[in-house]
Amino acid sequence: MSTNNHPPSPSASVSEDEYIRLKLELAQARAATDTSRLKARQLISKRDGLREDTAKNRAESEEQQQILAQTQDSNMKLNEQIKKAEVERDRLLKKIQGEDSS
């Protein structure tokens, strides 16, 4: 029975130093894996945030397109009213000028 805190090595030919080296290697590999997993989670979180931003931007863009269309429609109607008002103004001016000359 072994007196140290390590379980018996799987092979009798593996020395204590080799066992410790392998345990350290395993710990380093696990740490590297944990680091990679953390980075992957951060990238996934960033990607999800960008997706949300993209969806928000699309919605805002669609809203702005609707506002633009409404504004253009309003401008067109206002221009029509302006033209009608100008025609009416010209008619009234001609009428006034005709009354002044008589």
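Reply: Searching the whole structure turns up 6 salt bridges. The term means a side-chain nitrogen of Lys or Arg within 4 Å of a carboxyl oxygen of Asp or Glu. Side chains of opposite charge can pair when their charged atoms come close. A quick note on the source: this is a predicted model, where local features need pLDDT of at least 70, side-chain atom pairs count only at pLDDT 80 or more, and totals for chains, interfaces and linings use all residues. Residues are numbered from 1 along each chain as its sequence is written, and side-chain values use heavy atoms, with hydrogens and water left out.

Let's start with Arg21, which pairs with Glu18, their closest N and O atoms sitting 2.7 Å apart. Both belong to helix 1 (residues 16-101), 3 residues apart, or about one turn of the helix; helices here are DSSP runs (H or I, at least four residues), numbered from the N terminus. Arg21 is partly exposed at 39% relative accessible area, and Glu18 is partly exposed too, at 30%. That label covers what falls between buried (under 20%) and exposed (over 50%), using a 1.4 Å probe and protein chains only.

Further along, Arg47 bridges to Asp48, with 3.0 Å between the closest N and O atoms. Arg47 is partly exposed at 38%, and so is Asp48 at 29%.

Then there's Glu88 with Arg91, which meet at 2.5 Å, N to O. They are 3 residues apart in helix 1, so about one helical turn separates them. Glu88 is partly exposed at 35%, as is Arg91 at 43%.

Methods
Helices (H or I, at least four residues) and strands (E, at least two) are DSSP runs, numbered from the N terminus.
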